[in-house]
Amino acid sequence: MEEVDELDQVVDRVAGLDLGKTGLVACVRVPSDRSGRRQQEVRSYDTFSRSLLELADWLRAERVSRVAMEATSSYWKPVFYLLEAEGFECWLLNPRHVKHLPGRPKTDTLDAVWLAKVVERGMCRPSLVHPAPIRQLRDLTRYRRTLIQDQTREKQRLEKLLEDAQIKLSSVISDILGVSGREMLEAMIGGQRNPRVLAQLARTRMRTKIGVLEEALTGHFTDHHAFLTRTMIDRIDRIGADVEKVNAAIEEAMAPFRSAAQRLDEITGIGIRSAQELIAEIGVDMTRFPTPGHLVSWAKFAPIVHQSAAVTRAGSTGKGNPWLGGTLGEVVAGLSRTHTFLGERYRRLVRRRGKKRAIVALGNSVLKIVWHLLSDPQARYQDLGEDHYITRHTTARRRRTLIRDLELLTGQHVTLQPHAA
C-alpha cells in the first residue's frame with residue numbers, strides 16, 4: 001500500500017455563498033451539540049454595501065473561518081473584496097469543480113448548502129486570486145490592451161474607407177498614419193485632390209516611390225470620405241493619448257515589481273510591456289505554484305491527458321486566461337524570428353508538429369523560464385544558443401546511431417577512441 005499525504009480537511013465553521021447581481025444566499029454550517037451532526041442556517045442578503053456588512057457581522061458572530069463562493073461573472077468581486085477586507089478567509093471556486101449533482105432540484109438555497117458542504121469536506125481547491133496591487137496592475141494592463149485593439153480596429157476602418165475611395169495608399173506605404181501618409185491624408189481632408197501634388201508630400205525614402213504614389217492616390221476621394229477620415233484620425237489620436245496616460249499609470253503601479261520586470265525583460269522576445277503583462281497575470285509570488293509544471297498547467301499551456309480502460313488519449317490544452325495567452329502569443333511570434341535557442345526550438349517544432357502546437361510548446365517553455373526567474377531573485381536568463389540542438393543533441397544522437405548500426409553490421413562491440421594527432 002502507498003501512503004499518501006492527506007489529512008482530514010473538515011472545516012468546522014464554513015459559509016457558502018450563492019451569488020447573483022442584486023442578491024445572494026448564504027449558508028452557514030457549524031458543529032452541532034449532537035455527535036456526528038451539523039447545524040446550518042440559510043439567509044438572503046442584498047449585494048449593496050450595507051447588506052454585505054450585515055452579512056460580515058453575522059459570519060463573525062458565527063465564528064466562520066472560511067467563506068466560499070463561485071466565480072459567477074463579475075458579481076463575486078465586490079463580495080469577495082469586502083469580506084477579504086473584513087478579515088475572512090475567502091475561497092473563489094471554479095463552477096465546474098463544484099457543480100451540483102444531477103437529478104436534484106436546483107435552487108439558490110440548495111446551491112449555497114452544496115457549496116458549504118463541498119468546502120467543509122475539503123472536496124475542492126480555491127482559484128487563484130491575486131493581492132490588491134497585482135489586481136490593480138492587471139486592470140491597467142488589460143485596459144491598455146483593449147485600447148490598443150480599439151485603435152487597431154479604427155486604423156483598419158480607415159484603410160477600408162480609403163479603399164472605398166480607390167485610394168491605394170496602404171499598398172505602397174506600410175503605415176498610412178506615418179509622417180508621409182498623415183500629411184497626404186491631411187492634405188486630402190483639406191481639399192487637395194491632385195495626386196501629383198499629394199505624392200510630392202512624401203518624405204525621405206518614400207520619395208523613391210513618387211511614381212507609384214501618384215497611381216495609388218488617383219481615386220474618387222470626396223467630401224464624404226474627408227469627413228469620415230477626419231473623424232477616424234481624431235479618434236485614433238484620442239485613443240493614442242489615452243494609451244499614454246494608462247502607460248504612465250502602469251509605470252507607477254509597477255514600482256514594487258520593477259526588478260522582476262527587468263529580469264523578465266532579459267528573455268529574448270519579452271519586452272518591458274510583455275513583462276508588465278506577464279507579472280499582472282501570474283503575479284510575482286511563485287509559492288502559489290510549487291513547480292513550473294503547476295504554472296504551465298494553470299495557464300493551460302500543457303495538453304490534458306485522458307485515460308480510460310488502459311487507453312490514453314491526448315486532449316486539448318483547455319481554455320485558459322485569454323489575456324495571458326495573447327501576451328504569450330506575441331512573445332512567441334517575436335521569438336520565432338530570432339537566432340536563439342527558443343527561436344530554433346520553435347522552427348524545429350513547426351516542421352514536425354505545425355504552428356499551433358509549436359506556439360503552445362514554446363509558450364510552455366517561456367512560462368517555465370518565467371517561473372524560475374520569479375522564484376529566484378538571483379537567477380538570470382542565459383540563452384543556450386541557436387546551435388544547442390546540433391552540438392548537444394543531434395551530434396550525440398548521430399554518434400549513437402552510427403555505433404549501433406556498425407555493431408549490427410559487424411556483430412562486434414564498437415568503442416570510440418580519441419583521434420591521434
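The legends below describe close-up views of pockets and aromatic pairs in a predicted model.

**View 1. Lining of the largest pocket.** At least two lining residues come from each of α2 (76-85), β5 (90-93), α4 (132-164), α11 (292-298) and α12 (322-335). Sorted by class, this lining comprises 18 nonpolar, 11 polar and 11 charged residues.

**View 2. Lining of the second largest pocket.** About 320 Å³ of space lies in the second largest pocket, whose lining of 15 residues has P303, R353, R357, V360 and A361 nearest the centre of the pocket. Two or more lining residues are given by α13 (341-353) and by α14 (355-375), and α14 contributes the largest share, six residues. The lining is made up of seven nonpolar, four polar and four charged residues.

**View 3. Aromatic pair of F80 and Y81.** Among the five aromatic pairs that the structure holds is that of F80 and Y81, which is edge-to-face because the ring planes stand at 90 degrees, with the centres 6.2 Å apart. F80 is buried, at a relative accessible area of 3%, whereas Y81 is partly exposed, at 27%. Ring pairs also link W76 with F80 and Y81 in a cluster.

**View 4. Aromatic pair of F289 and W298.** The planes of these two rings, F289 and W298, lie at 50 degrees and their centres 5.5 Å apart, so the pair is classed as tilted. F289 is buried, with a relative accessible area of 5%, while W298, at 30% relative accessibility, is partly exposed.

Conventions. Residues are numbered from 1 along each chain as its sequence is written. This is a predicted model: local features need pLDDT of at least 70, side-chain atom pairs count only at pLDDT 80 or more; totals for chains, interfaces and linings use all residues. Side-chain values use heavy atoms; hydrogens and water are left out. Helices (H or I, at least four residues) and strands (E, at least two) are DSSP runs, numbered from the N terminus. Ala, Val, Leu, Ile, Met, Phe, Trp, Tyr, Cys and Pro count as nonpolar, Asp, Glu, Lys and Arg as charged, and the others, Gly among them, as polar. On a 1 Å grid over the protein atoms alone, a cavity is a set of points where a 1.4 Å probe fits but cannot get out, and a pocket is an open set with protein on both sides within 12 Å along at least five of seven lines; lining residues have an atom within 4 Å of a point. Grid points are joined across faces, edges and corners, and a volume is the space filled by probe spheres set on the points. Rings of Phe, Tyr and Trp (its six-membered ring) pair if their centres lie within 6.5 Å; planes under 30 degrees apart count as stacked, over 60 as edge-to-face and the rest as tilted. Buried means under 20% relative accessible area, exposed over 50%, partly exposed in between (1.4 Å probe, protein chains only).
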